[in-house]
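Thanks for coming. Please look at the structure on the screen while I talk. I will take a few local spots and then the whole chain.

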Amino acid sequence: MADIKGILFDKDGTLVDFNATWLGIADFMAMDAAEGDRWKADRLLAAAGFDFVTKRFKPDSIFASGSNMDVVELWFPRLSDEDQLHAVSRFNEITSAQGSAMAVALPGIVDSLRTLHNRSYRMGVATNDSTSGAEKTLATLGIAQLFDAAFGYDAVANSKPAPDTVVAFCDLTGLKASEIAMVGDNRHDLEMARAGGCGLAVGVLSGTGTRDSLAPMADVVLDSVADLPDFLAARVNVPAG
């Protein structure tokens, strides 16, 4: 594997506690879409991948790994293009404001990101949330200064699992794709890493993905981004502190 100089991170489930941050927001969005009809809202949540038994979203489900456009297309399949854009805009407002305000960092993440930043890794966020939502979340968590950029689904022509975000990060940093690690909790993240030619594809078990769902696409599966500094240090034989 190539020498890694840059790291792209998925946001929800990788940096942010997905369930603690998003379950309430998902329910609000579903109730909004269902115009207050609880039965209909529950059907929408189930269609988007919510498991009412485990109270979690399923790995690689629409809400776990898709964009607001994906959710709109699923929940409102008969909307005109114009109305679809209005619905996406409405959901972007909800996720940008509430998603950032309610963001809960996963344990150990902030310290690990600071460690990686101090080791001069170039860092970016690659998310299927909106760019505004990602930027506000990083600011809420007090870590925006550690990142070169946040790329939402609306920052590139084609969102994950397409390679566009990898290309954009390479253009921004001057790094080669082979010098970039992609870290995420869903197959979309790892599929983007493969499509973009990333030098390292890292799956993490801190979100909705499982070892079984991630291992076939990953070079390594870690419990959390909190384990990433030690893992990268071991690869290049530098102190882990």
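P161 sits in the loop between β5 (149-151) and α8 (164-173). Most peptide bonds are trans, and most residues other than glycine have a negative phi.

Before I go on, this is a predicted model: local features need pLDDT of at least 70, side-chain atom pairs count only at pLDDT 80 or more, and totals for chains, interfaces and linings use all residues. Residues are numbered from 1 along each chain as its sequence is written, and side-chain values use heavy atoms, with hydrogens and water left out.

Now to phi. D60 is not a glycine, yet its phi is positive, about 65°. D60 lies in the loop between β3 (56-57) and α3 (62-65). The cut-offs are under 20% relative accessible area for buried, over 50% for exposed, and partly exposed in between, using a 1.4 Å probe and protein chains only.

S120 is another residue other than glycine with a positive phi, near 75°. S120 is in the loop between α6 and β4, just after α6. With a relative accessible area of 59%, S120 is exposed.

That brings us to helix α6 itself, residues 109-118. Its buried residues include I109, V110, S112, L113 and L116. Down the axis of α6, the buried residues fall within an arc of 165°, so they line one face of the helix. The arc is that of the directions from the helix axis to the C-beta atoms. On the other side of α6, D111 and N118 are exposed. What covers the buried residues of α6? The cover includes β1 (6-9), β4 (122-126) and α11 (228-236); contact means heavy atoms within 4.5 Å.

Next, G184, which belongs to strand β6 (residues 180-184). G184 counts as buried because its relative accessibility is 0%. Its contacts, leaving aside neighbours within four places in sequence, are D10, T14, D189, V202, G203 and V204. Take V202: G184 and V202 are 18 residues apart in sequence, and their C-alpha atoms are 6.5 Å apart in space.

Finally, the whole chain. How many helices and strands are there in the protein? There are 11 helices and eight strands. Of the 241 residues, 53% count as buried. Among contacts between residues at least 6 apart in sequence, 64% join residues at least 24 apart.

As for size, the C-alpha atoms fill a box of roughly 55 × 35 × 35 Å along the principal axes.

Conventions
Helices (H or I, at least four residues) and strands (E, at least two) are DSSP runs, numbered from the N terminus.
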